[in-house]
There are 2 protein chains.
Amino acid sequence: MSSPSRRDEILNTALKLFNEQGSANVSTRHIAEAMGISPGNLYYYFPHKEAIIHAILDRAEALFEEVYDFDSAHLPSPKSLLKRREHYFWEYRFFQSEMMLLFQNDPSLKERFGKLQQKRLKEIEKMLGVLQEAGILRPLKEELKKILTQNLWIVSNFWNLFLEIEGRLFEEETKGVIENILALLKPHMTREGIAWILLDNEHEGVKA
Amino acid sequence: MSSPSRRDEILNTALKLFNEQGSANVSTRHIAEAMGISPGNLYYYFPHKEAIIHAILDRAEALFEEVYDFDSAHLPSPKSLLKRREHYFWEYRFFQSEMMLLFQNDPSLKERFGKLQQKRLKEIEKMLGVLQEAGILRPLKEELKKILTQNLWIVSNFWNLFLEIEGRLFEEETKGVIENILALLKPHMTREGIAWILLDNEHEGVKA
């Protein structure tokens with residue numbers, strides 16, 4: 001693997017600091033300092049912190065695109081599916097826990113998040129259709145599918161904020177949301193769907 | 001009904017302005033102006049904005065205490081139960097949509113919210129027990145009860161933020177969460193539980 005470009009290095013460092021210290025407490029100067037480069041060098045790539053945040057969001061987006069990218073003929077296992085989204089929600093956790101602060105500092109981010117939320121909802125609804133085609137989910141009425149989609153998104157997207165409020169936004173806790181997501185889906189699963197989940201758990205048991 | 005005290009008037013005015021304009025955009029001076037009193041008069045009751053926010057939270061708390069205050073012998077109808085919480089979530093909506101901003105300005109609020117969240121979770125779990133006793137819900141395994149409790153709280157508590165991200169935090173939209181909450185409960189309801197909900201809907205139909 002080639003070493004990351006200077007631009008990528010800046011984004012990696014910024015993301016790490018945002019996650020650890022909260023983005024409000026991290027300036028472009030701090031990021032440059034942590035990298036041992038001059039602020040001028042950083043400004044060559046990004047004129048201000050807002051540009052860095054937007055670039056991190058671009059990257060998060062590209063990663064998220066892959067989460068739901070499958071069809072009923074190439075179904076990932078439930079755990080591997082959930083692990084993909086887990087990686088995303090841990091790596092980019094400051095987006096969820098600081099959302100409102102970010103919006104206040106940069107209203108254009110709110111607009112972007114609004115559009116992303118609508119996109120996510122469409123992807124989740126599509127995924128439910130794929131799981132239905134694959135015989136994992138029972139056929140759902142349109143209205144229920146819409147509501148289930150919203151509930152899946154709200155539990156996923158606000159789980160980190162839920163943890164942060166109690167001061168327990170840690171990696172292990174972030175992963176815990178898997179059980180909450182499965183609890184939303186299970187009542188609508190076919191017998192084959194339940195077997196699909198159990199198979200996954202057994203497999204994990206063997207590895208453990 | 002006696003007229004509200006000056007103290008209550010301040011809280012009513014502040015809450016209205018916070019909800020309409022966002023608390024960050026409202027100062028104690030704005031609140032005094034809107035009431036046609038001097039800032040000095042306001043400071044006699046509240047030394048600063050943080051004290052007003054804490055007092056509003058006290059009031060919200062007292063209101064919320066009533067939401068889940070029932071036992072299996074005096075079960076409210078599902079809609080009246082949900083209407084109680086609906087009132088709370090609309091009247092005090094800035095708390096949900098601005099949570100993180102409030103925490104940044106006043107860390108003691110975060111600590112309060114953390115404790116309140118734990119309290120709410122206990123109340124919801126207790127309510128599930130009451131619904132089970134009343135024959136509305138099927139018996140749930142402890143683990144599932146815990147997860148269902150979290151999902152109910154997350155969908156309830158973050159619904160306004162979910163709407164705000166898309167710029168549609170309006171009263172009618174806030175009420176929409178009822179369907180999302182029922183969708184979480186229905187898979188675990190007995191036949192009697194489902195009938196309990198349908199009865200409620202029919203009753204609404206008659207009134208309409």
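UniProt, in an unreviewed entry, places the feature "domain: HTH tetR-type" at residues 4-64 of chain A. In this predicted model, that span is 77% helix and 0% strand. Its end C-alpha atoms are 20 Å apart. Residues 27-46 are 75% helix and 0% strand. The end C-alpha atoms of this span lie 12 Å apart.

Chain A as a whole has 11 helices and 0 strands. The C-alpha trace of chain A spans about 60 × 40 × 35 Å along its principal axes.

The domain assignment divides chain A into domain 1 (1-47) and domain 2 (56-207). The C-alpha centres of domain 1 and domain 2 of chain A lie 29 Å apart. Contact between these domains involves 10 residues of domain 1 of chain A and 9 residues of domain 2 of chain A. The area buried between them is about 830 Å². Carbon and sulfur atoms give 54% of that area. On the side of domain 1 of chain A, L11(A), L15(A) and N19(A) supply 57% of the area buried against domain 2 of chain A, more than any other three residues.

Polar and charged groups also take part in this interdomain interface of chain A. The count between domain 1 and domain 2 of chain A is 4 residue pairs in polar contact, with both residues at pLDDT 80 or more. By class, the residues of domain 1 of chain A that touch domain 2 of chain A divide into 5 nonpolar, 4 polar and 1 charged. The rule finds 1 salt bridge across the interface of the two domains. The side chains of D8(A) and R59(A) meet in a salt bridge, with an N to O distance of 4.0 Å. Side chains of opposite charge can pair when their charged atoms come close.

The interface between the chains was examined next. Here, 34 residues of chain B are in contact with 33 residues of chain A. The two chains bury about 3200 Å² between them, with 68% of it on carbon and sulfur atoms. M100(B), F162(B) and I165(B) supply 21% of the area that chain B buries against chain A, more than any other three residues.

The interface of chain B and chain A holds 2 salt bridges by the rule. The side chains of K110(A) and E164(B) meet in a salt bridge at 2.5 Å, N to O. Between chain B and chain A, 10 residue pairs are in polar contact, both residues being at pLDDT 80 or more. Four elements of chain B give two or more residues to the side that touches chain A: helix 6 (93-105), helix 7 (107-133), helix 8 (142-165) and helix 10 (177-185). The largest share, 13 residues, comes from helix 8 of chain B. By class, the side of chain B that touches chain A has 20 nonpolar, 9 polar and 5 charged residues.

Over all chains, the structure holds 26 salt bridges. One salt bridge in chain A joins E111(A) and K115(A), the closest N and O atoms being 3.7 Å apart. Both residues belong to helix 7 (residues 107-133) of chain A. E111(A) and K115(A) are separated by about one helical turn because they are 4 residues apart in this helix.

Methods:
Residues are numbered from 1 along each chain as its sequence is written. Chains are lettered from A and ligands numbered from 1 in the order in which they are written. This is a predicted model: local features need pLDDT of at least 70, side-chain atom pairs count only at pLDDT 80 or more; totals for chains, interfaces and linings use all residues. Side-chain values use heavy atoms; hydrogens and water are left out. Domain bounds come from an automatic or database domain assignment. Contact means heavy atoms within 4.5 Å. Buried area is the accessible area (1.4 Å probe) that two parts lose on being put together, summed over both. A polar contact is a pair of N or O atoms within 3.5 Å; within protein, one must be able to donate a hydrogen and the other to accept it, and residues adjacent in sequence count only if both atoms are side-chain atoms. Ala, Val, Leu, Ile, Met, Phe, Trp, Tyr, Cys and Pro count as nonpolar, Asp, Glu, Lys and Arg as charged, and the others, Gly among them, as polar. UniProt positions are given in the numbering used here, feature names are shortened, and annotations may be inferred rather than shown by experiment.
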